[in-house]
Amino acid sequence: MTVARAASSRRSFLGHSYNLVGVVASLVILAWTLVAIFAPYIIPHPIGDIVDDDYFGPMRQGLWLGSDYLGRDMLSRVLMGARYTVGISLAAVSIACFSGVVLGMIAAVTGGWFDTCLSRFLDAMNSIPSKLFGLVVVAAVGSSIPVLILTLAVIYIPGAYRFARALAVNINTMDFMTVARVRGESTIYLIGSEILPNIIRPVLADFGLRFVFIVLLLSGLSFLGLGLQPPLADWGALVRENIGGLPFAAPAVIVPSLAIASLTISVNLLIDNLPQKIRDRDA
Amino acid sequence: MKSGVLNLVLKRLAVAIVTLLIVLFAVFFATSMLPGDTASILLGQAATPEAVAGLREAMHLNDPAILRFLRWLVGLLHGDLGTSYANEMPVAALIGGRFVNTMKLAGITTLISVPLALTLGITAAMLRGSVYDRTVTVLSIGVISVPEFMVATLAVLLFAVYLKWLPALSSVNEAHSLADLVRIYSMPVITLTFVISAQMIRMTRAAVIETLSTPYVEMALLKGASRSRMVLKHALPNALGPIVNAVALSLSYLVGGVIIVETIFNYPGIAKLMVDAVATRDLPLIQSCAMIFCLGYLLLITAADIVAIMSNPRLR
């Protein structure tokens, strides 16, 4: 079994021919990641500077994406926005998936009342619509980057938990788990060395999907004015502040929307085009 | 065997009620975590400490949280939603008309999107792999992958800016004729329909395709049944449960959708009311709106689960 798994993972990661859509999607994701990391060094104008006499200026040389509602350079603002959208979402999805997956594996391994209580509680959490949860938390404690990251993470822990638990329950019935238990291994060893390696690939695919959900929710909250607060602006906030340009189809309102779409669609397409072996839960 | 289904359904309902209690509890506590003392906010800067203490006493703010929660719950059961902090009107009065507006929006969207999505989903599954199927699939993935406000923005760009068919904003007060009504509801309904239908199409298509891959459908194919007969007579009746499940689940996306759509189109519904209440930190109003949304959401996902239980032939 180990041999078969090693062989298949080598083939799927190195030798496997990804199709064109998958390659393009990964390139878009890579590009946004690089932008998010190096944004402060590549922006042509400081994001707060007013560089255009006109507001909602069109695309032209020097101001490649036009200007926003105050005449600031839109290209710089979108590049910096990538930092917040990608950064906050990545932090949130990491916390959500890590906690969800660890809790899910522990619940599957230990079972009993711990499993029942945790599952019930997280199912209840799952019954709160995500936008509503965000609204209520922001109303209660105000909006800041740490609050946003934690709120987004908490909203998506139940989903990650459910997914990982379902996978881990299947693995838990395998003979090698019984053997490990008989050997007297600790729970930490069981989840880290026996379960995790067997569910890691579908969990990573799930990580990608959850990242998309979080980007969408963060953008939605920012669009409602409940996400990042000025002067910081992620892509959702950029759409919000420039919504006045909509009647003239200003690039300032269209470009940040396209940025969000390019990122989320790319992640979705990448996951859809992953080799079957990685994507499927019983891989 | 019949009692097995009944038991499962009752169990699911019990879970829904427990969940509702937990959700109410969460909403209540999230909103009472708000910094600042409610009594001093209400009385303003000039209030004397005695007045604040008096009001705290009168509003039972000194009681333990669990007691306040229970009192709030009992109030809810009597239909008493509390009083808005912002304009001191009863919350129930503020919500009433707005609630009807939101239900109208949701109702019209449902009436349009369910038949539309089912037709597209089922036909796409029948013509699996065709250009038509691929177009529908790509479009629905596209809509799912972008935020709701982007669908709304694109709809405004297309219908209001380029084609100039419709106004960008809606205001229900001005409806005098059928034409007005169409103009008011069209933009929000178009946006919501896109968002809801995309989910529904994907789930319906998946459900029908799964049924089409079962042995008895293959049997129908082998005995020479036509493609449409195979789908309509053999596959669809068995896919009905998963489809209804998909419809209920997709409709639960309305809850998130209306929050964005009402805000962007300035539609006077309950979601707009709530977003405004968040801006003014009007707790009783937020609590009540949040509760209504959670209730609606819970109803839909519980209905989806119950349909799934009832339609499982192994349990009948």
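1. Buried residues make up 38% of the 316 residues in chain B, where a residue is buried if 20 or more other C-beta atoms lie within 10 Å of its own, exposed if 12 or fewer, and partly exposed in between, with C-beta atoms placed from the backbone. For chain A, 47% of the 283 residues count as buried.

2. The model is a predicted one, in which local features need pLDDT of at least 70 and side-chain atom pairs count only at pLDDT 80 or more, while totals for chains, interfaces and linings use all residues. Residues are numbered from 1 along each chain as its sequence is written, and chains are lettered from A and ligands numbered from 1 in the order in which they are written.

3. The secondary structure of chain B comes to 13 helices and zero strands, and that of chain A to eleven helices and zero strands; helices (H or I, at least four residues) and strands (E, at least two) are DSSP runs, numbered from the N terminus. Among contacts between residues at least 6 apart in sequence, those joining residues at least 24 apart amount to 72% in chain B and 70% in chain A, two residues being in contact if their C-beta atoms, placed from the backbone, lie within 7 Å.

4. At the interface, 38 residues of chain B are in contact with 34 residues of chain A. On the chain B side, the elements that give two or more residues are helix 1 (2-32), helix 6 (131-145), helix 7 (148-162), helix 11 (253-264), helix 12 (270-280) and helix 13 (283-310) of chain B. By class, this side of chain B has 29 nonpolar, seven polar and two charged residues, where Ala, Val, Leu, Ile, Met, Phe, Trp, Tyr, Cys and Pro count as nonpolar, Asp, Glu, Lys and Arg as charged, and the others, Gly among them, as polar.

5. The largest nonpolar core has 166 residues, and those that touch the most other members are Val136(A), Leu152(A), Ala164(A), Met274(B), Ile286(B) and Cys289(B). Helix 3 (residues 74-110) of chain A gives the most to this core, with 20 residues. Such a core is a set of buried Ala, Val, Leu, Ile, Met, Phe, Trp, Tyr and Cys residues joined through C-beta atoms within 7 Å. Leaving aside its neighbours within four places in sequence, Met274(B) is in contact with Leu135(A), Ile286(B) and Cys289(B).

6. Within chain A, helix 5 (residues 130-141) and helix 8 (residues 187-223) pack at an angle of about 50 degrees, with their axes 10 Å apart; helix 5 of chain A is therefore oblique to helix 8 of chain A. Angles under 35 degrees count as roughly parallel, over 145 as roughly antiparallel, 65 to 115 as roughly perpendicular and the rest as oblique. In this contact, Ser130(A), Lys131(A) and Gly134(A) of helix 5 meet Leu217(A), Gly220(A) and Leu221(A) of helix 8, which by class gives two nonpolar, three polar and one charged residues.

7. Two local features deserve a look. In the loop between helix 11 and helix 12 of chain B lies Asn266(B), which has a positive phi of about 60 degrees although it is not a glycine. Asn266(B) counts as exposed because it has 12 C-beta neighbours inside 10 Å.

Definitions and conventions:
Axes fitted to C-alpha atoms, helices over the stretch in contact; angles between N-to-C directions.
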